[in-house]
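Subject: Structure handover

Hello,

Here is the structure I promised you. Please open it next to this email and follow along. My notes come after it.

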Amino acid sequence: MMAEKQYFVTEEGLASLEKELEQLKTVKRKSVAEKIKVALSFGDLSENSEYDEAKNEQAIMEARIADLEVMLKGAVVIDESELTNETVHIGSKIEVNITMPGGKKSSRDFKIVGSNEADPRNGKISDESAVGKALLGAKVGKTVQVETPAGTAKYKIVTISR
C-alpha cells in the first residue's frame, strides 16, 4: 500500500479548503441536483442538452469534492508560530531581488505555500514549483539559480519573515 501524499497547508489554507468543501457539499450539490431535476422534466434524454450539461457539472463538482477530501485527509498544518526566519520554508514570507536571463532586474515579495494554496498572481508560490524548490532552505543573502525557458534566473533573498 502506498503512503498517502502529504499536503502542507497554513492555517489559512486549511480553513479555505474546508470552506470550499462545505460550500460544494451543501449549496452546490443542491443547486446541481435541482438543475438535473428540471432537465429531467423536459423529457427525452437523448436530445436533452440541459440534462447533459447538469450531469457534466455534477461530475466535475463530485471530482473536486473527492480531491478536497483527499487533500484534507493528508493535510499537514504548518504551525507558523514555530517557524524561524533563519531559512526559507513553507510559510515563509520572503523578499527577493530577481535578475532575469536577459539582465532585467526586479524585486518581489513571495510567500512559500503548499501546492494546493499556490496563487502566483497574489505572491503565493508552491514549495513544489521550480522557484519554491530552489528557495527552500536558503538564508538571507543567498542567491539561488532557477532554470526558466528563457535561461537561468537569479533570486537573491533580501529578507525572510513569517
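Helices (H or I, at least four residues) and strands (E, at least two) are DSSP runs, numbered from the N terminus. Read along the sequence, the protein chain then gives the pattern β-α-α-β-β-β-β-α-β-β. That makes three helices and seven strands.

Two notes on sources. This is a predicted model, where local features need pLDDT of at least 70 and side-chain atom pairs count only at pLDDT 80 or more, while totals for chains, interfaces and linings use all residues. Residues are numbered from 1 along each chain as its sequence is written, and side-chain values use heavy atoms, with hydrogens and water left out.

Overall shape

The C-alpha trace spans about 70 × 40 × 30 Å along its principal axes. The radius of gyration of the protein chain is 21 Å, whereas a compact globule of 162 residues would have one near 15 Å. That radius is taken over C-alpha atoms, and the globule rule is 2.2 Å times the number of residues to the power 0.38.

Of the 162 residues, 30% count as buried. Buried means under 20% relative accessible area, exposed over 50%, and partly exposed in between (1.4 Å probe, protein chains only).

Contact means heavy atoms within 4.5 Å. Among contacts with a separation of 6 or more, 53% come from residues 24 or more positions apart.

Start with strand 3, residues 93–99. Which of its side chains are buried? Ile 94, Val 96 and Ile 98 are, and they point to one face.

Two strands pair if DSSP finds at least two bridges between them. Strand 3 is joined to strand 4 (residues 105–113) by seven bridges, and the two run antiparallel. Across this pairing, Ile 94 stands opposite Phe 110. The hairpin of strand 3 and strand 4 has five residues between the strands. In that hairpin, Gly 103 takes a positive phi near 100 degrees.

Strand 3 also pairs with strand 7 (residues 151–161). Seven bridges join them, again in the antiparallel sense. Here Lys 93 has Ser 161 as its bridge partner.

Strand 7 pairs with strand 6 (residues 143–148) as well. How many bridges link strand 6 and strand 7? There are six, and the pairing is antiparallel. Thr 143 stands opposite Lys 156 in strand 7. Strand 6 and strand 7 form a hairpin with two residues between them.

Two residues in helix 2

Now go to helix 2, residues 49–73.

Is Leu 68 buried or exposed? Leu 68 counts as buried because its relative accessible area is 0%. Leave aside its neighbours within four places in sequence, and Leu 68 is in contact with Leu 17, Glu 20, Leu 21 and Leu 24. Ser 126 is 58 residues from Leu 68 along the chain, and their C-alpha atoms are separated by 17 Å.

Asp 52 is also found in helix 2. With a relative accessible area of 45%, Asp 52 is partly exposed. Its C-alpha atom is separated by 8.6 Å from that of Ala 39, which is 13 residues away along the chain.

Best wishes
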